[in-house]
Amino acid sequence: MIRQKLAHLSFALAASVATLTAHAESGWNQLNMTQGVTHISREIYHLHMRIFWICVAIGVLVFGVMIWSIVNYRKSKGAVPDVTLVHNTKVEVLWTVIPVVILVVMAVPAAKTLVEIEDTTKTELSVKVTGFQWGWQYDYLDDGVMYFSRLDHRSDAARELLSGVDPESVENYLLNVDHPFVVPVDTKVRLLVTGADVIHSWWMPAFGVKKDAIPGFVNEAWFKIDKDKPGLYRGQCAELCGRDHGFMPIVVDARSKEDFAAWLKQKAAEQKQAAAPGAPSAAAPTAATEERAPWPKS
Amino acid sequence: MAEVLTHAEPHDEHDHTPHGWRRWVYSTNHKDIGTMYLVFACLMFFIGGGAAMLIRLELFKPGLQFFDPQFFNSLTTMHALIMIFGAIMPAWTGLANWMIPMQLGAPDMALPRLNNLSFWILPFAFTLLLGSFFVPGGAPAGGWTMYPPLILQTGAAFPMLIFAVHLMGASSILGAINVIVTIMNMRAPGISLLRMPLFVWTWLITAYLLIAVMPVLAGAVTMLLTDHFFGTTFFTAAGGGDPVMFQHIFWFFGHPEVYILILPAFGIVSEVIPTFSRKPLFGYETMVYATASIAFLSFIVWAHHMFTVGMPLAGQLFFMLSTMLIAVPTGVKVFNWTATMWKGSLSFEPPMLFALAFLFLFTIGGFSGLMLAIVPADYQYQDTYFVVAHFHYVLVPGTIFGIMAGVYYWLPKWTGRMYDLTLAKWHFWLSTIFVNVLFFPQHFLGLAGMPRRIPDYAVQFTDWNMVSSLGGFGFGLSQLLFPYLIWKCVRSGVPIGNRAWEGAHGLEWELPSPPPHHSWTEPPSDAVIARGCAH
């Protein structure tokens with residue numbers, strides 16, 4: 001009986017070790033923050049690395065002294081305590097002042113980057129981003145284009161409880177949407193982020209942007225993707241927003257300025273046409289209702 | 001003296017321990033109430049831990065294998081509430097009950113009946129909270145932070161959550177009042193404030209924090225209650241309210257709360273490290289002032305929990321700088337503990353092992369805290385597993401290990417028996433190894449982009465989640481050694497003298513083990529105080 005249980009246990013362990021090694025490559029590539037594809041995201045990465053190395057340096061020093069004490073001042077090695085060593089003003093002042101200096105050294109570049117991040121002037125394109133339970137709505141304010149973006153079908157089928165679908169077999173499992181958010185590269189895109197029902201958070205790691213989508217508030221954020229970095233970028237909602245919080249990904253489709261202009265023009269025409277057969281005055285709501293259908297056919 | 005003699009007879013009667021259930025239900029004795037607090041905390045630690053095991057089970061691999069996402073959200077919400085309000089805070093109050101009168105030369109806590117009340121509120125609070133698993137809509141699933149509007153979508157559990165929080169808050173406030181009154185009035189003659197042990201000092205400051213912020217939490221949840229049931233719109237934008245205001249109020253409570261959870265651990269570590277270094281604490285007064293500074297700063301850093309809500313630049317800069325400033329007094333404490341070991345004579349009994357693990361691993365949690373203070377970087381860390389790793393490093397190998405160190409330090413005093421040291425070392429090594437396997441990879445997950453509070457994840461996060469889950473199961477199982485070890489100690493530990501540890505100082509070690517029903521019926525003599533309160 002016990003042997004059988006042990007056999008089961010060792011099998012389970014072996015199986016998990018096997019799975020681990022099978023994944024080993026992706027695991028070791030997933031250790032650090034992304035550098036991203038914007039100037040700001042790189043600045044953030046460098047701030048992150050700078051504070052990280054400062055922490056490592058302090059850690060080496062402090063842990064070094066601790067380990068030295070643990071190794072050398074053992075009673076078992078006959079260490080005799082120096083009970084007079086209870087106070088040392090010089091050392092205490094030093095280890096108060098040095099951290100303050102380090103913090104100032106760290107705070108200055110952080111503040112600079114923050115000022116840059118908060119500068120939402122001179123933007124070239126404004127998109128209203130609305131989080132809802134559970135998806136995102138993108139509204140190109142100046143161009144009459146608006147659509148919804150939700151988890152794609154394949155992920156949605158696979159993520160059901162005991163769906164029987166192996167998530168490994170689904171491309172970009174949980175990180176794919178039906179309609180990606182299309183933006184131009186090399187353009188300062190301003191997001192006006194808000195929430196329709198509860199608080200969500202629009203997070204795109206590759207851009208270094210995370211902004212809460214709060215009902216009744218309009219938050220501003222912006223990004224400018226490198227000219228040579230068109231492509232698909234993936235992120236997720238970052239604020240607990242109910243049952244399907246884990247299932248409202250964000251996909252940005254960054255295109256060249258020309259491709260974007262063409263896409264926007266076509267999309268605007270499509271939405272206008274879709275609205276045309278009905279009452280012309282109700283153009284936007286009609287488009288909205290159509291897009292709101294549970295899962296538009298692709 | 002004459003008076004003492006004339007009252008000797010009835011006084012002995014009074015000392016007689018009541019038996020049966022009355023001893024516990026009607027208890028006004030600080031040790032019995034302390035024991036009840038600790039047993040309750042241990043029970044909640046295992047219930048909250050059970051929730052954590054289920055969370056790690058679902059997260060073992062991608063895809064949903066066990067739970068509906070809504071139930072998963074209930075698990076994360078309840079895990080936090082149970083661990084914070086059910087396990088850690090009652091454990092600290094239990095330790096305060098046991099130790100403060102003994103360490104101050106007092107017979108008991110100042111307000112014994114209040115003490116009874118503050119404990120017996122808790123079982124009702126947690127019956128209410130845990131009962132919410134069985135009502136329509138399930139247990140609260142909006143996160144322990146209870147952000148509106150989401151929390152207003154809670155089903156029948158909503159009022160249960162609010163009233164449970166009220167009860168926990170009332171219990172904490174009563175406990176805090178008792179601690180303050182005891183420390184201010186019950187110190188034996190000759191024990192000035194700056195002669196008190198650091199555990200008492202840190203608890204005194206913690207008690208003030210509790211009294212300052214628990215009413216704030218109560219106010220916040222009351223506004224949620226009226227928003228839900230009475231048509232107010234404190235936090236509803238459509239009615240002119242402000243959902244972000246809740247976050248400000250909540251974190252004005254929430255950040256000092258973080259220090260409520262950790263300060264007593266600082267106190268315990270400040271007692272354990274000198275004992276097993278056979279050397280007085282380095283910079284006693286600096287430690288007191290550093291603790292007070294941390295407590296003060298804890299009131300002006302709250303918004304660092306919400307850098308992404310869209311605050312004005314000046315606000316973000318202020319909260320970044322104030323948060324970074326906390327690293328200074330905290331650093332001073334870590335340096336002082338290290339300096340206490342310097343040129344000491346160290347031995348490595350279980351309390352010292354846990355205190356050392358605290359020292360290393362809490363510092364790692366401090367480092368990630370410093371990283372989180374950098375606002376632009378926080379935009380990438382906020383609400384990811386990096387934050388989960390950070391606060392679990394400060395709360396598990398920080399607070400929980402602090403509690404373990406305290407229990408292993410004083411258990412021989414409480415029971416009069418020494419526990420199985422080898423088994424306790426096993427408990428230590430398994431806990432320390434697994435806690436790192438459990439939480440260290442979560443730093444990687446967060447940096448790689450995994451949000452927190454999600455029941456399922458993209459496949460590239462699989463490896464580290466598996467490692468983390470395996471560490472979690474190992475850590476959870478290792479904790480079963482702890483109650484077994486205590487049970488074994490109580491039943492068959494080797495009887496031990498007054499001073500359980502060679503280097504132990506403090507008035508509690510001047511009492512017999514186990515101590516008498518009323519700890520100090522006469523104030524300790526000057527000689528005893530001089531021996532016990534030597535820093």
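## A walk through chains A and B

Tyr140(A) has Val145(A) in β3(A) as its bridge partner. This is a predicted model, and that pair is our way in. Tyr140(A) lies in strand β2 of chain A, residues 135-140. The strands β2(A) and β3(A) run antiparallel and are joined by 5 bridges.

Step back to the sheet around them. In chain A, 5 strands form an open sheet. Their order is β3-β2-β1-β5-β8, and the pairing is mixed. Which strands stand at the edges? They are β3 (145-149) and β8 (219-223) of chain A. Each has a single partner strand, so one side of each is left without a neighbour in the sheet. On average, neighbouring strands here are turned by 25° against each other, direction ignored.

Now move to another strand pair of chain A. Strand β6(A), residues 200-204, runs antiparallel to β7(A), and 5 bridges join the two. Within this pair, Ser201(A) stands opposite Asp212(A) of β7(A). The hairpin has 4 residues between its strands. Gly208(A) takes a positive phi there, near 65°.

Is β6(A) mostly covered or mostly open? It is mostly covered, with 5 of its 5 residues buried. In a regular strand, side chains alternate between the two faces of the sheet. Both faces of β6(A) are covered. His200(A), Trp202(A) and Met204(A) are buried on one side. Ser201(A) and Trp203(A) are buried on the other.

β7(A) also leads us to the chain boundary. Here 86 residues of chain A are in contact with 80 residues of chain B. Four elements of chain A give two or more residues to its side of this contact: α1 (2-28), α2 (39-72), α3 (89-118) and β7 (209-213). Of these, α3(A) gives the most, with 15 residues. By class, the chain A side has 48 nonpolar, 22 polar and 16 charged residues.

Cross into chain B for a helix pair. Helix α5(B), residues 69-104, packs against helix α14(B), residues 385-415. The angle is about 30°, and the axes are 11 Å apart. That angle makes α5(B) roughly parallel to α14(B). The crossing is left-handed.

Which residues meet? From α5(B) come Ile88(B), Ala91(B), Leu95(B), Trp98(B) and Met99(B). From α14(B) come Thr399(B), Ile403(B), Gly406(B), Trp410(B) and Trp414(B). The residues of this contact divide into 8 nonpolar, 2 polar and no charged.

Conventions
Residues numbered from 1 in each chain as written. Chains lettered and ligands numbered in written order. Predicted model: local features only at pLDDT ≥ 70, side-chain atom pairs only at ≥ 80, totals over all residues. Contact = placed C-beta atoms within 7 Å. Nonpolar A, V, L, I, M, F, W, Y, C, P; charged D, E, K, R; others polar. Axes fitted to C-alpha atoms, helices over the stretch in contact; angles between N-to-C directions. Parallel < 35°, antiparallel > 145°, perpendicular 65-115°, else oblique. Left-handed = near helix turned anticlockwise from the far one by under 90°. Buried ≥ 20, exposed ≤ 12 C-beta atoms within 10 Å, placed from the backbone. Pairing = 2+ DSSP bridges.
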